[in-house]
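Subject: Handover of a structure

Dear colleague,

Please find the sequence and the structure below. A short account of what was found follows them.

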Amino acid sequence: WLLFEIFRTNLLDDPNVQGIVLNGRDISERKEFEQQLRHQAFHDPVTDLANRALFTNRIDHTLSRQTREESGLGVIFVDLDDFKMINDSLGHAAGDEVLMQVGKRLLQCVRPMDTVARFGGDEFAVLLEDTRTPEAVAEIADRILGAFDAPIRVDDKDVYIRASIGIATIDAEEAMTSAADDLIRNADVAMYMAKREGKGQYRIFEQHM
């Protein structure tokens, strides 16, 4: 497909023309470049997952259409344990490969309707829409932890990954008065509790945290 910009000029009253003149210009390259810029603005350059801006936007959109009859939603915050050791020992190129593989494994743990994002560094987040119970979100967290049991192959080396996970859930009624930043913060707080208590596990956010 080629995209054109068309300018119309009415020259019916011009005795030399007596018609409508159309000037067309191919703008396909410009439109493709604009699309690339839009994609870069909302996606992580290493994993091509959603970035924090797009993830927050998806939560806002989900919250805005919640009604009391909906099921609620959950956010899972994933922080890779001791990831700095991989960059320091194998180099940043190997670290980027690990991040890409982590992103793929996270996508395999969720439904197509859910959103997986990388916030930067070794932090990932998952938005689970239409979740019935906190236990259902915890099942996904268990699945994510299990996905890291198998090593990631990088430069003929097996790299083993562990992660600390925080979970924040809200029901449909709470969703009607909640903000995306609050949900992300709560999941982040729960993740730090999991990391503080031994890593390689998940914690569900509670108000006393």
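I begin with Asp130, which is partly exposed, with a relative accessible area of 35%; here buried means under 20% relative accessible area, exposed over 50%, and partly exposed in between, with a 1.4 Å probe and protein chains only. This residue lies in the loop between strand S5 (123-129) and helix H5 (134-147). Helices (H or I, at least four residues) and strands (E, at least two) are DSSP runs, numbered from the N terminus. Although Asp130 is not a glycine, its phi is positive, at about 55 degrees. Most residues other than glycine have a negative phi. Lys199 also has a positive phi, near 65 degrees, and is likewise a residue other than glycine. Lys199 is found in the loop between H7 and strand S9 (202-204) and counts as partly exposed at 27% relative accessibility.

Please note that this is a predicted model, in which local features need pLDDT of at least 70 and side-chain atom pairs count only at pLDDT 80 or more, while totals for chains, interfaces and linings use all residues. Residues are numbered from 1 along each chain as its sequence is written, and side-chain values use heavy atoms, with hydrogens and water left out.

Overall form

The protein has seven helices and nine strands. Its C-alpha trace spans about 85 × 50 × 25 Å along the principal axes. The radius of gyration, taken over C-alpha atoms, is 24 Å, whereas a compact globule of 209 residues would have one near 17 Å; the globule rule is 2.2 Å times the number of residues to the power 0.38. Of the 209 residues, 41% are buried. Contact means heavy atoms within 4.5 Å. Among contacts between residues at least 6 apart in sequence, 63% join residues at least 24 apart.

Helix packing

Two helix pairs deserve a description. Axes are lines fitted to C-alpha atoms, for helices over the stretch in contact, and angles run from 0 to 180 degrees between N-to-C directions. The axes of H2 (residues 52-64) and H7 (residues 180-196) come within 9 Å and cross at roughly 115 degrees. On the H2 side the contact is made by Arg52, Phe55, Thr56, Ile59, Asp60 and Leu63, and on the H7 side by Ala180, Asp181, Leu183 and Ile184. These residues divide into six nonpolar, one polar and three charged. In this count Ala, Val, Leu, Ile, Met, Phe, Trp, Tyr, Cys and Pro are nonpolar, Asp, Glu, Lys and Arg are charged, and the others, Gly among them, are polar.

The second pair is H4 (residues 92-109) with H5, packed at an angle of about 140 degrees with their axes 9 Å apart. Arg105, Leu106 and Cys109 of H4 meet Ile140, Arg143, Ile144 and Ala147 of H5. This contact comprises five nonpolar, no polar and two charged residues.

Two buried residues

Thr62 lies in helix H2 and is buried, with a relative accessible area of 1%. Leaving aside neighbours within four places in sequence, Thr62 is in contact with Leu73, Leu127 and Glu129.

Asp79 lies in strand S3 (residues 73-80) and is buried at 7% relative accessible area. With neighbours within four places in sequence set aside, Asp79 is in contact with Asp122, Glu123, Arg162, Ala163, Ser164, Met191 and Lys195.

Yours sincerely
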